[in-house]
Amino acid sequence: MRVDIFTLFPDLVRGYLSGSLIGRASASGRLDIRVHDLRSAATDPRRSVDDAPFGGGPGMVLAPGPVFGAVEAADPPRPLYLLGPGGRRLDQALVRELAGLRPGFSLLCGRYEGVDQRVADHLVDGELSIGDYVLAGGELAALVVVEAVARLEPGVMGNEASAWDESFADGLLEYPQYTRPGDFRGWAVPEVLRSGDHGRIRRWRRAQALIRTLERRPDLMRARGGLSPDEVQILEEHGYSGEAHSPLQE
Ligand code: SAM
């Protein structure tokens, strides 16, 4: 899969990528990540890429010339998404959609007060947001998108199962995880996890995932259509009464 990233801070983006699991995946040829400098297409001697907003107001705006120039020179894989708080909000369903794109997709990082609207209107194919807050630039947002997508690519993560057995995999939050020691400062790991009974463990984990989702993210529970009759039974087995309380211990 190929992902092209357009940014004013290519070293920042490359630095993170090379130190993460994505760097390993790129080195092994599983991912082809290309980082492009938006300044490469600036034409004036100072290589400036921004200008004051028409109509006045604070800050500067990323100008269309260098952005169109950099993208057209690279001919990146489409769709090309502009990162910005007004875009479609990233969630695991969108991450899975992006992971299915071939040959890949591209990301354009804004800066300053934003990007000239003609980029959004005539160059990109859509806009992506990573949440309802404002960052100083699109670089962190691009890295969030790339990392979330990359870990779904076969061979990128050490343990293939983990991407499919975790939060949001089927509309639920993940069950709680524990490791050694079995007793830490008097807080014991639930007995069921040390029982060796894999059927019981599976049902306990399912119950915990359901309880966590019901209590913390009722919106997710509603979005998946509530509980199935089997799931109601699993919750009953684990003594869940439906009231808000801490996860059950066995
Ligand atoms: N003035 C803009 C506004 O009010 O919507 C915010 C511009 S922000 C300071 C600069 C750049 O950061 C944006 O062009 C975008 O690329 C990136 N950015 C900021 N917040 C983001 C978010 N929540 N998701 C994705 N990108 C974001």
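Me: In this predicted model, exposed means over 50% relative accessible area. Is Arg-185 buried or exposed?
Reply: The relative accessible area of Arg-185 is 69%. The cut-off for exposed is over 50%. Therefore Arg-185 counts as exposed.

Me: Where is Arg-185 placed, and what is its phi?
Reply: Arg-185 sits in the loop between β8 (183–184) and β9 (187–188). Arg-185 is not a glycine, yet its phi is positive. The value is about 55°.

Me: Which loop holds Asp-75, and what is the phi of Asp-75?
Reply: Asp-75 is found in the loop between α3 and β5. Its phi is positive, in a residue other than glycine. That phi is near 45°.

Me: Is Asp-75 buried or exposed?
Reply: Asp-75 has 62% relative accessibility. Exposed requires over 50%. So Asp-75 is exposed.

Me: Which residue does a cis peptide bond join to Arg-78?
Reply: The cis bond at Arg-78 has an omega of about 5°.

Me: What is omega for the peptide bond from Arg-102 to Pro-103?
Reply: Pro-103 lies in the loop between α4 (92–99) and β6 (104–108). The bond from Arg-102 to Pro-103 is cis. Its omega is near 10°.

Technical notes. Residues are numbered from 1 along each chain as its sequence is written. This is a predicted model: local features need pLDDT of at least 70, side-chain atom pairs count only at pLDDT 80 or more; totals for chains, interfaces and linings use all residues. Side-chain values use heavy atoms; hydrogens and water are left out. Helices (H or I, at least four residues) and strands (E, at least two) are DSSP runs, numbered from the N terminus. Buried means under 20% relative accessible area, exposed over 50%, partly exposed in between (1.4 Å probe, protein chains only).
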